[in-house]
Amino acid sequence: MRRPTLLGTLGVMVLLGAGCGIPAASDVRVDGKGSAATEAGVISRGSEPPTRTASGSVNETFVRNFLSAAAGEPDRAYERVKAFIAPEDKTRLQDKKGSEVALNVVRLREAVYTLNSDSTTTVKITVQQIGVLRTNGILAPPVATETEYEFGLRSASFNGGVNDDRAGLYVINPPNVLLLSDTALREYYQDETIYFWSSDRSRLVPDQRYRPQAVPVERQVNEVVKWLVGGPSDWLRPGVVGLPDRTELINNATGGNGRWEVNLDMSGDDQSGIDQLITQIAWSLGDLTGQLELKIRNNAQPVVELGERRDARVLYPYATSPQRFGVYDGAIHPLDFDGEPSGTVPLTPEANRNVVSASLGLAKDRRILAAMVVASSGKNRYRLAVGTGADPVSVVSRSGAEFSSIGRPVWLRTVDNRPSRGLVVADGQLYRFDEAARMYPVPLNLPSGAVTAVAAGLDGQRVALIVGGRLYVAAVNLDGGGASIGPPRELVTSLTNPTAVDWGREDQLVVAGSVGQPAIYEISVDGALETPLRTDLGAKVTHLTAYPTNRSVRTPGGAYMYEANGVAYRSSPFERIEPGRVRDIAPVPTGVRPSNPSAPFFLY
């Protein structure tokens, strides 16, 4: 152990903020989770965190490992953490059992190390509380409010009379909670997506979980089925349905070598419901291949090939490779980029006028769904314009009311022939709109605050919102022909003052905000996992759109476009969207400065 050269104290501060710059591979990624089955006993990707002695007597490394020690299977979390605590202080951390085991996930902001005259070190860490990781794999909203924790370090040979660095360190005066850093969550857990049927049972809706990487892959089926039996995350419940009440797993799911058996005690003999459950399990197992035999109270159902079931019951049957569009001189135009599909504007010229921003979508019957913000008669006055029908759409309805500001409208995608609905923010209020441009206020169960942005997931059952300068996610319930929003969940992130948001993947948002300067981050749907995409924007983002990669359409992900200071940009690769990328515009006369393309968006 390092000893002080002076009596007294010596303080050392380590900053632990988010990294700057643009990750080399952050612009393009291919979505797809899960892994193939392996032989019994093989540990899945990753391992348990380092042991107490792995860091030697290096304070910083030891603290990082201490904040990773709880990672892994929950039933041994206290055992792993207590291995880091001095024997005389182990009783300060009171054990909890079973489902009571919960890890406080924190984002480290700063660590200060103070060397004391008795050769111990006082550690003070500043943290941001992210959430509580429970045994069911859910990262629930944070419960703790502490922003600082303080504890001590001493040599493991402190009472032995020999100063041996190989003995490592111990924690003294430990916090009475299990702490897990966000970096340990990323390193020692696999983020998984499981699925629940929407409230009308028309589509599957994603729900995020975390599985310790130390869990053998042959237990993946058992873990996933237990998650499904336990039901969805609280924030998602208003928009989905769980398994029938009192459903239980009979023994553990068993199998290996490409065949898996699940036995459930489940009420009802509805074959349609059982078939939907098989589809739900198949998609919730990620890319796991092999045969699934589902039994209901020991009665076997026909064996299903997992891959074949996913191919036959795709998640998003009408998702296609995206086409890029933007607004130029008050009209929607295609954007042309090499190697990408580029279509024609599905509107007649008469319907494509005075456009400020827009959203185009495809309905089940391949109808075009067009929602546009259009300039109205007065200065800085706008209306919502909506048109649907065969390509090209020629008839457009306009909202009865004018507004001083309207955000980009979004469609709630459906998988049936019901009339389409969408959401839009106007003058700080969230509205639902229909195909006739009628607008209806949507109440939110939140403290007062202006709504400034809304984005809809590819499933049409989840939305992201920016309200009062905070980021939220919420479930949508489409029963009864309306669209109600469940209680929103606030996401704790490093970004402050978010200005724009969209869905980049099933479980990831693309969010513009600030980290001291304007930046764009990719943030998981629970706020825990963050990846800086751009941190050198130079100006506030006023418009953001992304293509949500998914497991139905295997295309490169990470594609997003945004507008800042009146200039539009795209990713993959990053570049300014120049007027030359805009198709079907008249040549600009010599000496005349061309307009900037604005409000880019994807059609898919």
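Okay, let's start with a pair: arginine 383 and glutamate 402 make a salt bridge, and their closest N and O atoms are 3.4 Å apart. Arginine 383 sits in strand β22 (residues 382-389) and glutamate 402 in the loop between β23 (397-398) and β24 (410-412), so this pair ties together parts 19 residues apart in sequence. By salt bridge I mean a side-chain nitrogen of Lys or Arg within 4 Å of a carboxyl oxygen of Asp or Glu. Helices (H or I, at least four residues) and strands (E, at least two) are DSSP runs, numbered from the N terminus.

A word on the source: this is a predicted model, where local features need pLDDT of at least 70 and side-chain atom pairs count only at pLDDT 80 or more, while totals for chains, interfaces and linings use all residues. Residues are numbered from 1 along each chain as its sequence is written, and side-chain values use heavy atoms, leaving out hydrogens and water.

How many salt bridges turn up in the whole structure? The search finds 37. One of them joins glutamate 223 to lysine 226, with the closest N and O atoms 3.5 Å apart. Both lie in helix α4 (residues 220-230), three residues apart, about one turn of the helix.

Is glutamate 223 buried or exposed? It counts as buried, because its relative accessibility is 12%; the cut-offs are under 20% relative accessible area for buried, over 50% for exposed, and partly exposed in between, with a 1.4 Å probe and protein chains only. Lysine 226, at 42%, counts as partly exposed.

Next, arginine 583 bridges to aspartate 584, closest N and O atoms 3.6 Å apart. Arginine 583 is partly exposed at 22%, and aspartate 584 is exposed at 56%. There's also a network: Arg324, Glu340, Arg570, Glu575 and Arg581 are joined by salt bridges that share partners.

Now the backbone. Most residues other than glycine have a negative phi, and most peptide bonds are trans. Here, though, the bond from aspartate 391 to proline 392 is cis, with omega near 5 degrees, and proline 392 is in the loop between β22 and β23. Serine 572 and proline 573 are also joined by a cis bond, omega about 0 degrees.

As for phi, asparagine 251 has a positive value near 60 degrees. You'll find asparagine 251 in the loop between β12 (248-249) and β13 (254-256), and it is exposed, at 64% relative accessible area. Aspartate 329 has a positive phi too, near 50 degrees, and is exposed at 57%.
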